[in-house]
Every structure is written in C-alpha cells, then in structure tokens.
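Biologist: I would like to go through this model and ask what stands behind each label. Please set each value against its cut-off.

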Amino acid sequence: MASPSFCLFAALLALVSWQAIASDPSPLQDFCVADKHSPVLVNGFACLDPKYVTADHFFKAAMLDTPRKTNKVGSNVTLINVMQIPGLNTLGISIARIDYAPLGQNPPHTHPRATEILTVLEGTLHVGFVTSNPNNTLFSKVLNKGDVFVFPVGLIHFQFNPNPHQPAVAIAALSSQNPGVITIANAVFGSKPPISDEVLAKAFQVGKGTIDWLQAQFWENNHY
C-alpha cells in the first residue's frame, strides 16, 4: 500500500503537470465577460456583473470576409481576441484573418500562449515551423485551398505566398483569448531600447555595421 507522503507527491506532480500543459485557465462558470474598466488586476480580466451582460459582448461586426491592405512584408493579420470581443474572456480561443499579397509573407514569429490551426481559404501558402534547440528541425508544407496546418504553441513559424500574381487568404484559430505574438526580426532588431550591437554581432557572427544597418530599418507590425 502506498504511503501517504507518496500519494501526496503523486497528486502534486499531477497538478504541476496539468498546469504545465494547460493553455488559458478553464472557466468556472458559463462565461466571464471581460470588465475592462475594473481596477482588479487578474490573469486576464475580471468578470463583468452578469446582469449587465448582453449579446453584444459576444459579437463583433468584424467583416472578416473583406480583403485587407497588406504592408511592406506583404501581409495583414486581423486578430479578433478578447480586446475586440469581451465575451472571449476565460474561453481560451481567438481567431484571425490573414491576407497575403503576391509573394507576401507572415514573417517568422511565435505565439507565446497559443497553438494555432490555420486553414487556407484562397491561394497557396508555403508554411512551416521550427522545433526548439538543439535540433531546430524545420517542418514545412505547401498548402492549397482547403488545407489545414497546425503550429504548436511557442514555436517559431511562418507563412509565405509563393504565387507572384495572386493573393492568398487564410483563417487561423488560436488556443488563447490573448495569444500574443513575437515577430522575430522586429523583436531582435527593433527593440526599444535597442539590444547592444556588440551582443547581436557576436550572436549572428556578423560585423557591427550589419547590425547597425538592420537596427536602422523600420520594422513594421503586420498585426492590426
């Protein structure tokens, strides 16, 4: 028969393991509409009093069927998260429309709090993600209309439209009310204040002049 201390250790280990693999916390009631004006600081948002909740808290006329203008990297990500729909609070999900210009890309980036599942609505996309150190294995695929691909939580991934003549469109669902995004080039070369060029020159094994040139570029955000 197992000792009480062993049972307690096993229970604690199970709890820690569950926390390690969980995404957003599971809701403990039917809904918890975000009260963005509450002074209470919690992981997410405090709940609006249910008696003030209406259907509009779960709705947004987002016009996700409408094409978007793309930026200089050739993409536009229209994210619908808890900031646009307060009813998403504690529900652990969000959605995005992604428009790609011909030869446009959603450059290498990561979502620190979400797995992403992407569906191509129009066109063709070359997509991929890279595993963590030490292997840094690239898993990539060419997707056509109707194809689906998954990007695991936290891993660097990208999408590229290889067609020089036709745009592409995708819809992505993410397993967080607020998945977050870190665009690698923007974070490394466009941080404020900038990372020391000495640090980056050694990290990338290039001259400081190259780093200074990269840091001088305008690193545009493609998330709107």
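Biologist: Which residue of β9 stands opposite D99?

Modeller: In this predicted model, V169 in β9 stands opposite D99.

Biologist: How do you know that strand β2 and strand β9 pair?

Modeller: Two strands pair if there are at least two bridges between them. Strand β2 (residues 94-100) and strand β9 (residues 168-174) have 7 bridges, in the antiparallel sense, so by the cut-off of at least two they pair.

Biologist: What is the order of the strands in the open sheet?

Modeller: The order is β1-β2-β9-β4-β7, with antiparallel pairing.

Biologist: Why are β1 and β7 said to stand at the edges?

Modeller: β1 (75-80) and β7 (148-151) each have a single partner strand, so one side of each lacks a neighbour in the sheet. From one strand to the next, the twist averages 20°.

Biologist: Which positions does UniProt give for the feature "binding site"?

Modeller: The UniProt record lists H109, H111, E116 and H157.

Biologist: What makes you say that they gather at one spot?

Modeller: They span 49 residues in sequence, but no two of their C-alpha atoms are more than 11.9 Å apart, so the conclusion is that they gather at one spot.

Biologist: Why is E116 called buried?

Modeller: Buried means under 20% relative accessible area. E116 is at 3% relative accessibility, so E116 counts as buried. E116 is found in strand β4 (residues 116-122).

Biologist: Why does H157 count as buried?

Modeller: The cut-off is again under 20%, and H157 is at 1% relative accessibility, so H157 counts as buried. Its place is in strand β8 (residues 156-160).

Biologist: What makes the link between the side chains of H157 and E116 a polar contact?

Modeller: A polar contact needs a pair of N or O atoms within 3.5 Å, one able to donate a hydrogen and the other to accept it. The contact between the side chains of H157 and E116 is 3.0 Å, so the distance meets the cut-off of 3.5 Å. The side chains of E116 and H111 are likewise joined by a polar contact, of 3.1 Å.

Biologist: How many residues are in the largest nonpolar core?

Modeller: The largest nonpolar core has 19 residues, and Y100, L118 and L125 have the most contacts inside it. β9 gives the most to this core, with 4 residues. Among the residues that L118 touches are Y100, L125 and A170.

Methods:
Residues are numbered from 1 along each chain as its sequence is written. This is a predicted model: local features need pLDDT of at least 70, side-chain atom pairs count only at pLDDT 80 or more; totals for chains, interfaces and linings use all residues. Side-chain values use heavy atoms; hydrogens and water are left out. UniProt positions are given in the numbering used here, feature names are shortened, and annotations may be inferred rather than shown by experiment. Buried means under 20% relative accessible area, exposed over 50%, partly exposed in between (1.4 Å probe, protein chains only). Axes are lines fitted to C-alpha atoms, for helices over the stretch in contact, and angles run from 0 to 180 degrees between N-to-C directions. A nonpolar core is a set of buried Ala, Val, Leu, Ile, Met, Phe, Trp, Tyr and Cys residues joined through side-chain atoms within 4.5 Å. Contact means heavy atoms within 4.5 Å. Lists of a residue's contacts leave out its neighbours within four places in sequence.
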